[in-house]
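Here's a quick briefing to read with the model open next to you.

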Amino acid sequence: MSAAATRRLTTAQALVRFLAAQYTERDGVRHRLIAGTWGIFGHGNVAGLGQALVEYREVMPYHQGRNEQAMVHAAVGHARHLNRLSAQAVTTSIGPGATNLVTGAALATINRLPVLLLPGDYFASHAADPLLQQLEHPVEADVSVNDALRPVSRYFDRITRPEALLTSALNAARVLSDPAETGAVTLALPQDVQAQAYDWPEEFFADRVWRVRRPAPDPVELAEAVRAIRAAARPLIVAGGGVHHSEAEAALKALVDATGIPVASTQAGKGALRHDHPADLGGIGHTGTAVSDALARTADLVIGVGTRYSDFTTASGTLFQHPGVRFLNLNITAFDAHKLAAATLVCDARSGLAALTEALAGHRVDAAYEAEYRTGRARWEEAVEGAFRADDDSAVPTQTQVLGALDTVVGDEDVVINAAGSLPGDLHKLWRARSPRQYHLEYGYSCMGYEIPAALGVQQAAPGIPVWALVGDGTYLMNPTEIVTAVQENLPVKLVLVQNHGYASIGGLSESVGAERFGTDYRHRVADGSFTGAPLPVDLAANAASLGMDVLRAKTVRELREALSTARAATRPTCVYVETAPAGAALPAEAWWDVPVAEVSAREAATEARAAYERAVADRRRHL
C-alpha cells in the first residue's frame with residue numbers, strides 16, 4: 001500500500017478518529033454511533049486515549065465523570081432515550097477504574113442497551129511487569145482484571161497489537177448497532193499499545209453507516225400467529241422495551257385500535273400506549289395493576305412484544321393461569337422469542353405489528369371482553385386517584401402522594417427516571433405515562449445509583465426537556481457524585497430526593513420473608529444490636545447543596561407542589577428534598593414474587609413466612 005493511502009497515528013488516536021466517523025441509520029434518519037466519550041483518567045489511559053481526546057476534541061466530545069460505574073449509567077441513559085441508535089463511550093484507567101465498570105456493563109447488557117467500554121490494561125509487551133495494579137495470575141499471564149468484563153459484555157477483545165484494532169473496531173461497531181446483539185462492548189487497551197504508532201489505511205477513517213435493520217416476519221410464522229390470535233377469546237398483549245427501541249408505539253396503537261386487544265406493560269415497556277388509551281391496562285406482574293394481573297390470569301393467548309419475560313413480569317411463573325394458555329412472542333431476537341415455549345415472530349417490532357394489523361383486518365375481540373377490561377381500567381383509575389390524593393395540603397406527604405404531586409406538574413415531554421427500591425413498584429402501578437419516552441425505569445438490573453447519572457445522559461440526548469431523577473435516601477448515599485458533573489456541564493436535571501430513613505422496599509420484603517426488617521433501617525444501633533433507635537442525623541439536602549445543586553426543601557404537600565413547579569422551570573441542577581410520612585404500601589402487590597424463605601427456623605416470623613411461601617409456590621407453572 002502506498003504512503004499516500006495511509007495515515008500514521010497512535011492506536012488511541014486512530015480509535016478516536018474511527019469512532020467519530022461511525023453512524024447509524026434507520027428509516028432514513030442518521031445518528032452518530034458514538035456521540036461522545038466519558039472519562040476518568042489514570043495511568044492506564046491518560047497518555048493514550050487522554051492525549052487522543054485532546055488531539056481530536058473537535059470531533060469527539062468529552063465528558064468528565066466522577067465515578068466509573070456512573071459514567072456507564074449516563075451512557076446507558078443516553079442510548080435508551082435515543083432508542084439505541086446512538087451510544088457513548090467510557091474510558092478508564094487500569095485497575096479499580098476498570099473493575100468499577102463491571103456493574104454498569106452488566107446493567108447495559110441485561111437491558112440490551114449499547115455502551116462502548118475502553119478500559120486501560122497492562123503492558124502488552126510486559127516491559128513493566130508487574131506494573132501498578134496488575135493482577136498476577138499464577139498460570140495465565142495474559143489475564144488481567146479486565147477479564148471480569150467478559151461475561152457482562154456482548155463483545156470483548158484485548159488489543160495487543162495496533163493492527164488488531166482494524167478488525168475489532170469494526171466488530172465493536174457492528175455489535176453496538178445491531179438491535180439483536182447489542183449491549184456492553186469492551187475493547188481493553190494495553191497502555192503501551194495505546195501510544196504505539198501505526199500506518200493506518202485511510203479507508204479505516206472514512207464515514208461508515210451501520211444500517212439498523214427492520215427485519216420482516218417470516219410468512220409462515222405470520223400466518224400461524226394470525227391463526228392463533230383469531231382463535232383466542234381472551235388475548236392479552238405484553239408490551240416490553242422492544243416496542244420503544246423499535247419506535248413501534250404507533251404500530252402497536254394501530255393494532256390495538258383495530259382489534260381491541262388490551263395491552264399490559266413491563267417496566268421497560270410502560271408508555272407503549274398512552275395511559276389514557278382505553279386498552280392500556282398499565283403495568284403487569286408483581287408490580288402490576290389489578291386489572292392487568294386479573295386479565296393475565298385468564299388470558300388464553302399472551303402476545304409478548306419485545307419482552308424478555310423477567311420473573312417480575314411472570315410473577316415467578318405463577319401469573320398466567322388459564323388451563324390452555326399459549327404464548328406468541330414477537331421479538332427481534334430468537335432467544336427471547338422462544339421463551340415460554342411460544343410460537344414465534346422473529347422480526348422487528350414495528351414491522352411485525354404492522355404485518356399483524358394488515359393480516360388481521362376485520363378481526364376484533366368480543367365486545368363483552370372489551371367491556372370487562374374497560375370496567376377494570378376505570379376501577380383501577382379510581383385506586384390511582386386515591387393513592388395520589390392528599391386530603392390535607394398541610395400534611396407530610398406519603399411516597400405515593402409525592403408521585404401524585406409530580407403528576408400534577410409534569411408535561412408530556414418530561415422524563416421520569418428511577419431504578420430500584422420501593423419507587424419502581426409504586427411507579428409501575430400508578431404512573432400515568434403521557435409519551436413513549438416519559439417513563440424511564442431501569443429494572444432489568446434494578447441497580448441502585450443509576451438514576452442521577454442516567455438523568456445526565458438523557459439530558460444530553462434531549463436538551464431542553466425536563467428530566468427528573470427520583471431517588472430514595474438509600475440510592476442517594478450510594479452514588480451522588482455525578483451531581484458535580486451536572487453542575488460542571490450545566491445540565492439542569494431535577495432531583496427528587498425522598499428521605500424515608502432506610503431501605504423501604506427491601507425492608508418490606510424482609511418482613512414478608514421472616515427476616516424481620518433486620519439491617520434495613522438507617523438508625524442508631526441500640527443495645528441488642530439492632531438498628532431501631534432514632535434516625536441518623538444525616539442531612540442529604542445539605543449534601544446535595546454542597547455538591548453544587550440548588551436545593552428546595554418541602555415539608556408539606558403544598559410546599560412539595562410549589563417546589564416541584566419551581567424545579568421544573570429551573571435552568572440549573574435542582575434538588576427537591578422531601579421527608580415522607582411512614583406508610584405501608586398504598587396499593588399492595590397483585591401478584592407473587594419468588595424469594596425463597598428459610599425452610600427451618602426457630603423464629604416464629606420465619607416459620608409463618610415459610611408456610612405462606614409454600615402456598616404461593618404451589619401455583620407455579622412450567623409453560624411447555
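**Pocket, salt bridges and backbone**

α6 (164-177), α9 (241-245), α12 (311-314) and β16 (326-331) each give at least two residues to the lining of the second largest pocket. Helices (H or I, at least four residues) and strands (E, at least two) are DSSP runs, numbered from the N terminus. This is a predicted model, in which local features need pLDDT of at least 70 and side-chain atom pairs count only at pLDDT 80 or more, while totals for chains, interfaces and linings use all residues. Residues are numbered from 1 along each chain as its sequence is written, and side-chain values use heavy atoms, with hydrogens and water left out.

**The second largest pocket**

- The volume comes out at about 790 Å³ for the second largest pocket.
- A pocket here is an open set of points on a 1 Å grid over the protein atoms alone, where a 1.4 Å probe fits, with protein on both sides within 12 Å along at least five of seven lines; lining residues have an atom within 4 Å of a point.
- Grid points are joined across faces, edges and corners, and a volume is the space filled by probe spheres set on the points.
- There are 49 lining residues, and Asn111, Gly241, Ala268, Gly306 and Arg308 lie nearest the centre of the second largest pocket.
- Split by class, that lining has 18 nonpolar, 21 polar and 10 charged residues (Ala, Val, Leu, Ile, Met, Phe, Trp, Tyr, Cys and Pro count as nonpolar, Asp, Glu, Lys and Arg as charged, and the others, Gly among them, as polar).

**Salt bridges**

- The structure holds 36 salt bridges, each being a side-chain nitrogen of Lys or Arg within 4 Å of a carboxyl oxygen of Asp or Glu.
- Asp27 pairs with Arg214, with the closest N and O atoms 2.8 Å apart.
- That pair links distant parts of the chain, 187 residues apart: Asp27 is in the loop between β2 (22-26) and β3 (29-32), and Arg214 in the loop between β11 (208-211) and α8 (219-231).
- Asp27 is partly exposed at 44% relative accessibility, whereas Arg214 is buried at 18% (buried means under 20% relative accessible area, exposed over 50%, partly exposed in between, with a 1.4 Å probe and protein chains only).
- Arg620 and Asp594 meet in a salt bridge at 2.6 Å, N to O.
- Arg620 lies in the segment after α24 (604-617) and Asp594 in the loop between β23 (574-579) and α24, so their pairing ties together parts 26 residues apart in sequence.
- Arg620 is partly exposed at 31%, and Asp594 is buried at 17%.
- Arg610 bridges to Glu614, with the closest N and O atoms 3.1 Å apart; about one helical turn separates them because they are four residues apart in helix α24.
- Glu381, Glu385, Asp407, Arg432 and Arg434 are linked in a network of salt bridges.

**Covered helices**

- In α16 (residues 399-409), 10 of the 11 residues are buried.
- Asp407, from the salt-bridge network, is among the buried residues of α16.
- Helix α1 (residues 11-20) is also mostly covered, with nine of its 10 residues buried; Phe18 and Leu19 are among them.

- Thr266 sits in the loop between β13 (263-265) and β14 (280-283) and is buried at 7% relative accessibility.
- For Pro96 and Leu222, 126 residues apart along the chain, the C-alpha separation is 50 Å.
- Pro96 lies in helix α4 (residues 96-99) and is partly exposed at 45%.

- Most residues other than glycine have a negative phi, and most peptide bonds are trans.
- Asp129 and Pro130 are joined by a cis peptide bond, with omega about 0°; Pro130 is in the loop between β7 (115-121) and β8 (155-158).
- Asn83 has a positive phi, near 55°, in the loop between α3 (68-81) and β6 (87-92), and is buried at 12%.
- Ser446 has a positive phi of about 45°, and its place is in the loop between β19 (439-441) and α18 (451-461).
- Ser446 is partly exposed at 31%.
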